[in-house]
Amino acid sequence: MVGASGFVGRTLCQVLLDRGYEVVAAARSARHLPPGVRHHSLGDLTGDVDWRGALRGVTHVVYLAARVHVMNDTHPDPLGAYRALNTDTPLALARAAAAAGVKRLVYLSSVKVNGEESGRPLTEQDPPAPTDPYGVSKWEAEQALLHLGVTTGLDVTVLRPPLVYGPGVRANFLQLITAVQRGVPLPLAAVRNCRSMVYVGNLADAIAFTLHSPVTAGKTFFVADGDDLSTPELIRGVAQALGRPPRLWPVPVWMLHAAGRLLRREGMVRRLTGSLQIDTRRLREAGWVPPFTTQAGLAATVAAHANLAPDWAPLGDGRPWALKPRQRAYLRVRRGLERPLAGALLLLLLPVLLLTALIIRLSSPGPVLFTQLRAGRGHHPYTIFKFRTMRLNAPQLSTEDMRRQGISAVTPVGAFLRRTSLDELPQLLNVLRGEMSFVGPRPALMTQHPVLNGRAAAGVDQLPPGITGLAQVTGRDDLSDDEKVRRDATYLRHVDLLTDLLIIRATLRSVLGGRGTY
């Protein structure tokens, strides 16, 4: 890997190590490389580098290094400087890789190949329109690398990301987080743009996907989270993750542009007010699914910057916990077994379900089932099913919030159902539909932002919610939001068959002992 010590490279190294790759980093120093990465000493990156030693025994190559885009470049030959690192060096590496028998080379390009703005989501078929030396150098590299792949047999894949954000992000994104954190009023409420972004964890996952996918060879792909945001929506998302109000003022966009010209910040104003969207359908149709939502990415980014959740970030630098290969394998097997087991249990417990439904119907007015939107895997909303335990028209609050506000809405039958946990049985339908598991973090309300943000920062949202879980059997609603997240993060680190069996045993003891929630 070239560029392994950079913003994207450090995350990608960890992802590849977790998936069983042996990672070799060609770099000047091993100082900023994650543990487990093998360092190959390399001098300055030029077209004259001898790559033979670095490529010995290597089967896949990722080129992340770049002379990054800067505003008001003062270099006497900007295009030449960009070409040296962004075009000539990766092309020389690709030639050496082809000669060494390397199977695949992934080149990280940029959406700037297509320009700075778009009136609609761009696709890979749109003609390139770079507007600066950086974009030109990336476009020239793409063409040369893909042509070399055709002539030599080296599988070349090109990825074009938009703005990349995540723990450790710098420049404008960091300035935005800092401004929101400090409560600086931002005159952007009137902006009505739409911009694509990609969380560094999603980008690293996409690179890892293209390394082994046979259908991505010889192709160019856009990669993004999939949730395009306006500038005000982005600011609100950052503010929500910080737990602060967004201070947005409605200033007309034409005034912002006028101020930008006056202050010589026209480029910055264009990025804040203009739209740049990309269509990632091609990569998704190839089989890639982003593992993190934009909400999760923003929460992890803000947590790393603001140091909001040090106990939730086991990697020590704010990045969410990455599941180990054995954990991923276990969860795949578990997922395949859970649905038929849920169907069998529904049939076995059908008399109990029907009797419970009849008692609820006769004891109080209202539907038998209680349905509500909850946060599923990746915080995607889904409808949870439970037996109704509250009076009709009870407020849509969590049990602990009702307790804090002194609200008592549980029916007499509902109290019994909660104490025995019979109200949870309809969630077998959610397991059957693939929305839940038997064991996992308890599904939070979509409005429980402290819990959702904490789980996103810790990486807990990688897991599907469970009918029961570690927090459920070790405190349930008596736990603070912080403590719930800590216990969810503990479960994430140790998820395996033994852990699940111990939680199920504790759940059965609690149910048989009548220690559910009143």
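Predicted model: local features only at pLDDT ≥ 70, side-chain atom pairs only at ≥ 80, totals over all residues.
**View B. Tyr82 meets Tyr134.** Searching the whole structure turns up 5 aromatic pairs. In one of them, the ring centres of Tyr82 and Tyr134 sit 5.9 Å apart with their planes at 75°, so this pair is edge-to-face. Tyr82 belongs to helix α2 and Tyr134 to helix α3, so the pair ties together parts 52 residues apart in sequence. Are these two tyrosines buried or exposed? Both Tyr82 and Tyr134 are buried. Now go back to the residues of View A: Tyr199 and Phe292 make an edge-to-face aromatic pair as well, with 5.3 Å from centre to centre and 85° between the planes. This pair links distant parts of the chain, with Tyr199 in strand β7 and Phe292 in the loop between α9 (281-285) and α10, 93 residues apart.

**View C. A cluster of rings.** Which residues do ring pairs link into a cluster? They are Tyr165, Phe173, Tyr199 and Phe292.

**View D. Helix α2, with a bend in it.** Helix α2 runs over residues 78-99, so to speak, and has 22 residues. From its first C-alpha to its last it reaches 31 Å, close to the 32 Å expected at 1.5 Å a residue. Where does α2 bend? Look at Ala84, where the bend is about 45°. Just after the helix comes Gly101, which takes a positive phi of about 80°.

**View E. What α2 hides, and what covers it.** The buried residues of α2 include Ala81, Tyr82, Leu85 and Asn86. Further along you'll find others, among them Thr89, Pro90, Leu91 and Ala97. What covers these buried residues? The cover includes β3 (60-63), β4 and α3 (133-152).

**View F. Inside the largest nonpolar core.** This core has 58 residues, and Met1 and Ile207 touch the most other members. Several elements each supply at least two of its residues, including α1 (7-18), β4 (104-108), α4 (171-181) and α10 (294-306). Which helix gives the largest share? That's α5, with 8 residues. Apart from this core lies another one, of 29 residues, among them Trp321, Leu331, Ala342 and Val368.

**View G. Met1 and its contacts.** Zoom in on Met1 and leave aside residues up to four places away in sequence. Among the residues Met1 then touches are Gly9, Leu12, Cys13 and Leu16. Val23, Val24, Ala25 and Ala26 are also on its contact list, along with Val62 and Leu64.

View H. You'll find Thr273 in helix α8 (residues 266-273). Thr273 counts as buried because its relative accessibility is 14%. Which side chain does the side chain of Thr273 join in a polar contact of 3.3 Å? The partner is His257. A polar atom of the Thr273 side chain also lies 2.8 Å from the backbone oxygen of Val269. Not counting residues up to four places away in sequence, Thr273 touches Val191, Asn193, Val253, Leu256 and His257.

Note on methods
Residues numbered from 1 in each chain as written. Heavy atoms only, no water. Core = buried A, V, L, I, M, F, W, Y, C linked by side-chain atoms within 4.5 Å. Buried < 20%, exposed > 50% of the residue type's maximum accessible area, 1.4 Å probe, protein only. Helix = DSSP H or I, 4+ residues; strand = E, 2+ residues; numbered from the N terminus. Contact = heavy atoms within 4.5 Å. Expected span 1.5 Å × (residues − 1). Bend = angle between axes of the 7 residues up to and from the residue. Polar contact = N/O pair within 3.5 Å; in protein donor to acceptor, adjacent residues only side chain to side chain. Phe/Tyr/Trp six-rings, centres within 6.5 Å; stacked < 30°, edge-to-face > 60°.
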